[in-house]
Amino acid sequence: MMILPEFELLRPRSVDEAIAAARGASGRFDYLAGGTDLLCNYKWGINTEPTVISLRHIADLRGRDGGRVGGGVTLGELERDADFLHDYPVFERTLDRLASPLIRQTGTVAGNLLVDTRCIWLNQSEFARQALGNCLKADGPECRVVKGSTDYCYANYSGDMAPVFMVLGATITLAGPDGQRTMPLREFFVGDGIERFVKKKEEIVVSIDIPSDAKTLRASYQKFRVREAWDFPELAVAAAARMDGDRIAELFLVANAVSTIPLWLDDVAQKHVGATLDDASIEEIVADVMKASKPVRATLLPPTYRKQMVGVMTRRALREIRGDADAGAQPGTQPGTQPGAAA
Amino acid sequence: MTQGFKVVGRRLPLVDSWKKVTGAAVYGDDVRFPNTLICRLLRSTLPHARILRIDTSAAEAIPGVRAIVTGADASARFGVLPISQDEEALAIEKVRYVGDIVAAVAADDEETARQGVAAIEVVYERLPDYFDIDEGLDPVEEPIHAWTRDGSNCQKRVDQHFGDVDAALDAGKVKPQGHFSFIGVGHAFTEPHSVTAVPEPDGRMTLYTPTQVPHYVHRALAKVLEMPMHRIKVFRTAVGGGFGGKSDPFPHEMAVCLLARKIQRPIRLTFDREEIFLTNRGRHPGIVDVQIPVSEDGKILAMDVNAVIDGGAFGSFGVVTTYYNGIFSQGPYKVPEFRYSGRRVYTNKAPCGAMRGHGAVNARYAIESVLDMAAEELNLDPIEMRLDNVLEPYSKTTNEFRITSNGIVECLERCRDESEWPSKKGNLPFGKGIGVGCGFFISGSALPIHQTRTPQSTVHLQIDVDGGVTAHSMGAEIGQGSDTVIAIAVAEVLGLTMDFIRVRSDDSDTAPLDLGAYSSRGCFMIGNAAREAALVIRKKLSRAAERLSGHPADDFDFEDAKLIALSDPSIVISYFEALTEALADNGALIAKGWYQSPRMGGSFKGAGAGLAPAYSFNASVAEVDVDLETGLVTCPRIWLAHDCGRALNPLAVEGQIEGCIHMGLGQALMEEMRYSKGRISNPHLLDYKILGPFETPEMHVLIVESEDKEGPFGAKESGEGPLLPVLPAIGNALYNAIGYRAYDLPIRPEKVFAHLEKMRKSETGFSKTWETNGR
Ligand SMILES: Cc1cc2nc3c(=O)[nH]c(=O)nc-3n(C[C@H](O)[C@H](O)[C@H](O)COP(=O)(O)OP(=O)(O)OC[C@H]3O[C@@H](n4cnc5c(N)ncnc54)[C@H](O)[C@@H]3O)c2cc1C
Ligand code: SF4
């Protein structure tokens with residue numbers, strides 16, 4: 001049977017208590033929210049810690065107010081939040097196809113942003129990692145995906161919410177031993193598959209704030225993988241635009257799940273401001289997004305194919321923004337093939 | 001008995017479903033005994049290595065570690081087939097794949113058992129690894145098993161030739177061929193293997209195990225423990241799915257009993273998902289080459305089939321699989337000349353074995369694909385061409401399979417009509433396709449694995465004053481509904497409602513022999529045995545009614561718990577009146593029924609393989625949608641018509657067919673056991689992809705009833721056969737949609753995408769330039 005390793009579980013009631021608990025653990029701890037990511041890795045013996053600090057009982061992390069979403073809000077709560085979906089309709093589809101209904105009942109927004117990077121060599125049991133060969137990110141000397149890499153992990157960022165928040169211009173608020181700080185989410189993610197973001201270990205994600213002008217953006221999130229439920233993205237593209245007549249006034253693009261972090265493609269986006277969204281200019285953007293994406297063999301599908309699919313997903317996102325009724329059929333989304341479609 | 005059935009043919013919930021849906025069923029891991037120790041296994045992380053030394057001293061010193069066994073504790077080899085007894089409870093001299101069991105540790109709890117496993121030190125000498133089937137046919141430096149001939153890793157060779165295939169190849173107007181390759185797939189059942197061994201105070205040993213084959217486990221335990229069978233009890237717990245993955249006696253079953261005997265305490269072991277993949281016994285990966293010459297008017301002249309299959313490290317059912325990869329190619333068609341060459345090669349990978357549609361699935365995909373090539377070349381409709389070639393009922397195949405009832409024509413016609421094939425085939429836009437496939441499968445293997453004259457199935461019935469009928473059988477209920485078949489047969493014969501019948505099929509001490517749940521034998525064999533037993537009771541009750549009424553015994557019909565005189569319906573004796581009379585001066589009514597297949601088959605080498613008292617037949621028509629931008633293939637709807645002889649319980653038959661569709665689509669579209677240098681690299685259900693709800697199509701299940709003369713109430717199998725036509729229907733539909741023939745499974749989106757890109761850039765672009773004919 002798969003069992004959890006032993007750890008001490010702390011249940012602070014406030015952000016301050018949690019930070020104090022973290023400082024007491026001298027770096028050897030993990031925060032726990034829904035646990036749908038962390039505990040899977042724990043069961044596999046990946047980078048486990050002796051102390052786990054649960055954030056489930058901290059009221060300040062819950063709740064949504066306008067564009068402010070508490071870090072502890074579950075994906076299920078957000079999915080049922082009609083006002084929120086009305087303001088930011090792009091989340092409807094993003095949430096509906098994220099993990100599975102069951103996981104969304106427990107999984108939280110902060111946990112989703114911080115979901116650990118994934119890799120076919122890493123997300124395995126201890127036995128399998130030993131048989132296949134341990135790697136840099138967990139317990140080995142060298143990367144298996146890019147042979148010879150001893151200081152850079154190429155594991156794939158696989159969260160679905162971050163790219164959407166990013167194109168909507170959201171900020172993230174962190175609380176830590178030195179107080180609170182807020183930064184654009186697009187500056188939050190940095191580094192390789194081990195470093196991942198600028199957050200200090202003790203810092204807690206308090207909230208995500210979407211600016212209210214994002215309500216007038218047209219946004220799309222296009223995710224690609226083999227199965228419509230359960231599967232993490234093999235790659236995805238988030239796009240948002242503000243149109244001025246038939247011209248792009250503002251454009252925001254993220255290529256997701258093709259690198260260690262969601263790729264904020266500012267240069268590509270800026271280059272195409274002022275263009276129209278006709279087929280020809282869409283193809284130019286498609287080519288640029290593809291060029292900027294350099295997937296490696298950390299997931300099941302071959303990298304060259306994933307890169308090609310980045311192009312297809314970009315095209316679909318832009319067509320959806322343009323208002324095409326059929327931006328490109330996703331399997332399983334044709335009418336009549338959706339058992340129990342989102343209620 | 002009158003013709004109109006009272007219970008047979010009704011849609012009934014399975015008799016064990018109440019327990020399962022309320023959570024009351026006791027599965028492997030629900031078994032609890034006081035003082036139980038928890039077992040964990042040390043498995044090899046090397047594919048092929050000699051064990052030089054095992055040091056368990058550090059593990060034994062851990063507080064809470066109570067006992068450890070290794071290969072030194074059991075020397076006897078075992079295996080499901082008498083001809084390949086090549087498995088060891090714990091590796092003796094060498095390990096043969098990543099996952100091979102080296103030691104078993106019993107401890108106070110799971111965590112301590114894990115620590116014990118980690119503390120065992122094993123010194124290995126690496127041996128050359130063999131992962132590739134091609135190299136397995138030639139002599140190698142260190143054969144995986146010492147007994148393979150000529151120093152190669154080839155375990156089994158089958159060569160059969162009927163008639164003159166070369167002449168037929170010369171004569172054929174068209175002779176399409178294909179080279180197909182298949183990746184291994186696993187059963188992906190829900191319940192992990194979970195066993196408890198209990199040393200009884202009187203020295204006996206009891207093993208609780210969710211097995212499909214209690215009898216073979218019983219035999220293997222006797223051999224490995226070196227104990228007589230009567231000193232061992234096998235108790236089959238509720239089984240959370242098997243599909244062939246629980247139809248071997250397993251090393252871990254041996255290991256927990258060895259531990260229990262050593263420490264004299266109950267031992268429990270529950271696998272995690274990864275260990276299921278390591279234990280495997282899934283469908284063999286392999287290569288199948290097929291060539292089929294066909295005459296101008298669409299008649300199949302011959303089949304030439306060649307298969308090389310990758311057995312993994314042990315024999316399991318593999319010798320049978322080697323036969324099944326070829327010999328089932330013939331049905332449901334008339335194949336005048338036939339040649340088959342099959343090879344099974346040992347490799348240093350997880351052992352393969354029997355899986356739903358055992359041995360027949362991959363070859364069927366190849367055959368049905370090549371048949372479609374012939375239809376295209378000849379400008380014939382694939383369904384009409386198939387209809388022109390089918391075997392007749394009560395006929396014989398070239399390799400002397402005795403064909404009895406056969407509903408293949410109705411299967412094809414209903415699929416054709418219900419799917420509106422004539423209006424779709426040839427008229428669907430680029431990217432949408434429709435395809436057909438057929439299938440043919442045994443309804444129980446006529447020859448038992450151990451060639452004795454003991455019947456293959458026996459059922460005991462017992463009725464006492466309460467009027468309830470207790471049926472005893474060792475038929476393994478694994479969710480497929482064999483307990484329900486027993487209950488239906490008994491209730492039908494005795495004119496009782498289902499609540500009178502209680503089935504006990506779990507305990508080898510009280511149940512009469514049954515060979516288990518494999519080769520789709522349950523319904524046919526256990527059903528017949530139950531029916532026979534019930535007829536004996538019926539006679540006893542009729543005689544009692546005669547004594548009470550003076551009316552002749554053989555003139556009573558049984559209905560609604562009453563015995564009603566056929567010639568004079570005013571004469572009615574209630575079931576309880578008859579029973580009370582029958583019990584008088586006699587005691588409980590006891591009866592026995594058994595089933596044994598009649599003699600059949602040819603006299604050539606290997607003639608026994610594939611013989612069955614009846615065969616099921618089926619056809620499927622599937623539609624596919626190809627996402628032209630991504631290459632992802634989905635199946636929006638599928639029709640599957642299956643001739644099950646008679647549906648004793650249509651609800652159960654539909655469930656089986658739906659399950660087969662789901663599994664077949666999984667193998668066609670996404671399931672694969674990936675290996676990296678002999679190590680399974682996706683041993684969990686996130687990366688080993690079975691179809692999810694969104695990928696599951698609209699299913700149109702069509703039941704065809706050909707009323708088999710020897711089947712119980714006319715019934716045949718429906719648990720495995722329906723899987724066979726699914727894969728080729730998808731492959732053929734994909735070809736119809738975009739002109740891409742998938743020569744390897746699963747169908748990979750990146751390959752479909754590459755094909756589409758090539759077409760997009762070609763002169764004709766996305767237009768259907770193939771299959772313009774054939775309607
Ligand atoms: C089968 C399966 C499929 C999945 N599919 C998808 C998918 O398609 N898309 C997707 O995006 N995800 C997927 N997930 C991943 C995961 O379930 C979700 O991302 C989920 O939202 C994680 O949230 P959680 O609260 O459970 O995180 P946890 O597991 O509790 O935590 C994840 C990480 O975030 C940290 N953390 C959590 N909250 C805070 C906080 N407030 N402050 C600081 N650190 C914090 C934890 O320390 C941990 O490192 C899948 C998971 C499974 C098991
Ligand atoms: S990318 Fe390399 S280092 Fe990172 S998890 Fe995968 S194998 Fe390990």
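Author: Let us start at one residue of this predicted model: B:Phe766 is partly exposed, with a relative accessible area of 28%.

Reader: Which ring does B:Phe766 pair with, and how should I read the geometry of that pair?

Author: In general, a pair of aromatic rings is described by the distance of the centres and the angle of the planes. Here the centres of B:Phe430 and B:Phe766 are 4.6 Å apart and the planes stand at 15°, so this pair is stacked. B:Phe430 is buried, with a relative accessible area of 14%.

Reader: Where in chain B do the two partners sit?

Author: They come from distant parts of the chain, 336 residues apart: B:Phe430 lies in the loop between helix 12 (421-424) and strand 18 (432-442), while B:Phe766 belongs to the segment after helix 18 (749-761).

Reader: How many aromatic pairs does the structure hold over all chains, and what would an edge-to-face case look like?

Author: There are 39 aromatic pairs over all chains. In one of them, B:Phe180 and B:Tyr365 have ring centres 5.9 Å apart and planes at 90°, so the pair is edge-to-face. This pair too links distant parts of the chain, with B:Phe180 in strand 10 (residues 177-182) of chain B and B:Tyr365 in helix 9 (residues 360-378) of chain B, 185 residues apart. Both B:Phe180 and B:Tyr365 are buried. Elsewhere in chain B, one aromatic cluster is formed by B:Tyr324, B:Phe328, B:Phe401, B:Phe440, B:Phe441, B:Tyr615 and B:Phe617.

Reader: Which lysines lie over the face of a ring?

Author: Among them are A:Lys201, which lies over the face of A:Phe29 at 5.2 Å from the ring centre, and B:Lys709, which lies over the face of B:Tyr394 at 4.4 Å from the ring centre.

Reader: Turning to cysteines, why is B:Cys352 too far for a bond with the closest cysteine sulfur?

Author: A disulfide requires two cysteine sulfur atoms within 2.5 Å, and the sulfur of B:Cys352 is 15 Å from the closest one, in B:Cys154, so a bond is ruled out by distance. B:Cys352 is buried, with a relative accessible area of 5%.

Reader: Is A:Leu113 buried or exposed, and what does it touch?

Author: A:Leu113, found in helix 7 (residues 109-113) of chain A, is buried, with a relative accessible area of 0%. Leaving aside residues up to four places away in sequence, A:Leu113 touches several residues, including A:Tyr157, A:Met161, A:Phe165 and A:Ile208.

Definitions and conventions:
Residues are numbered from 1 along each chain as its sequence is written. Chains are lettered from A and ligands numbered from 1 in the order in which they are written. This is a predicted model: local features need pLDDT of at least 70, side-chain atom pairs count only at pLDDT 80 or more; totals for chains, interfaces and linings use all residues. Side-chain values use heavy atoms; hydrogens and water are left out. Buried means under 20% relative accessible area, exposed over 50%, partly exposed in between (1.4 Å probe, protein chains only). Helices (H or I, at least four residues) and strands (E, at least two) are DSSP runs, numbered from the N terminus. Contact means heavy atoms within 4.5 Å. Rings of Phe, Tyr and Trp (its six-membered ring) pair if their centres lie within 6.5 Å; planes under 30 degrees apart count as stacked, over 60 as edge-to-face and the rest as tilted. A charge sits over a ring if NZ of Lys or CZ of Arg is within 6 Å of the ring centre and within 35 degrees of the ring normal.
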